[in-house]
Amino acid sequence: MVNLLPAGVIVDRAMTVRQSWAFAIATGFKPVENRGAMCNYLSTVALHSSRTFDGYGRLPTGAAAVAFEQAGAFSGLWQPDSLSATNRDPRLALGALIAVVDIVGCHHAVVDDRGGVCCAPWGQATHRGPSGRIRRAVHIELDKPRVLARPIPQGGQPLLLWRLPTNVSELLATADRYQPPCEKRE
Ligand SMILES: [Zn+2]
């Protein structure tokens with residue numbers, strides 16, 4: 001087993017994302033998260049999978065869609081109720097911390113003359129907030145997702161970044177990293 005985080009690194013913020021988008025971030029396909037506000041927190045954060053999922057969201061690249069299908073797709077989503085060992089794919093968990101990821105920057109969506117959006121197909125031109133208000137999207141730039149061997153059950157919040165309970169940060173600090181059984185090696 002490999003440690004999820006280097007020794008001494010504390011992760012105390014989390015970002016909640018619905019499936020299947022959380023899978024796409026955790027697997028390294030989705031390099032931006034669409035939000036409605038700028039983020040000045042450039043650090044490693046926990047990726048939290050919402051309890052509800054976006055069954056209408058189709059992953060916009062063939063490779064990501066195939067990976068999601070192979071992992072188990074929507075019928076493979078599951079809700080961990082403890083930290084006990086399981087052979088289920090941690091990237092498909094609901095209502096849990098499933099990975100850590102680095103926030104490395106953020107920028108407002110840029111749309112060119114022909115309607116092309118920077119960071120397409122993952123980055124969107126607009127973002128609909130929890131209140132339904134639509135505004136120009138902010139692209140939160142993500143890098144180096146690392147998946148937890150065992151998802152940590154946890155409720156989430158709609159905020160871009162919310163503070164993790166101290167005991168959950170401590171669990172992350174000692175967590176093992178998931179090694180996919182048939183990870184592509186190059
Ligand atoms: Zn962009």
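User: What should I know before I start?

Analyst: The model is predicted, so local features need pLDDT of at least 70 and side-chain atom pairs count only at pLDDT 80 or more, while totals for chains, interfaces and linings use all residues. Residues are numbered from 1 along each chain as its sequence is written.

User: How many helices and strands are there in the protein?

Analyst: Helices (H or I, at least four residues) and strands (E, at least two) are DSSP runs, numbered from the N terminus. Here you get 3 helices and 10 strands, and along the sequence they follow β-β-α-β-β-α-β-β-β-β-β-α-β.

User: How do I read the radius of gyration of the protein?

Analyst: That radius is taken over C-alpha atoms, and the globule rule is 2.2 Å times the number of residues to the power 0.38. For 186 residues a compact globule would come out near 16 Å, and the protein has 16 Å, which agrees. Its C-alpha atoms fill a box of roughly 50 × 35 × 35 Å along the principal axes.

User: What share of the residues is buried?

Analyst: A residue is buried if 20 or more other C-beta atoms lie within 10 Å of its own, exposed if 12 or fewer, and partly exposed in between, with C-beta atoms placed from the backbone. In this protein, buried residues make up 34% of the 186.

User: Which residues of the largest nonpolar core touch the most other members?

Analyst: A nonpolar core is a set of buried Ala, Val, Leu, Ile, Met, Phe, Trp, Tyr and Cys residues joined through C-beta atoms within 7 Å. The largest one has 42 residues, and Ile-25, Ala-46, Leu-47, Leu-97, Ile-98, Val-100 and Leu-148 touch the most other members. Elements giving two or more residues include helix 1 (21-26), strand 4 (44-53) and strand 5 (96-108). Strand 5 supplies the largest share, 8 residues.

User: What does Ile-25 touch?

Analyst: Two residues are in contact if their C-beta atoms, placed from the backbone, lie within 7 Å. Leaving out residues up to four places away in sequence, Ile-25 touches Val-17, Lys-30, Glu-33, Leu-47, Val-101, Leu-142 and Pro-145.

User: Is Lys-144 buried or exposed?

Analyst: Lys-144 counts as exposed, with 11 C-beta neighbours inside 10 Å. This residue of strand 8 has a positive phi of about 55° although it is not a glycine.
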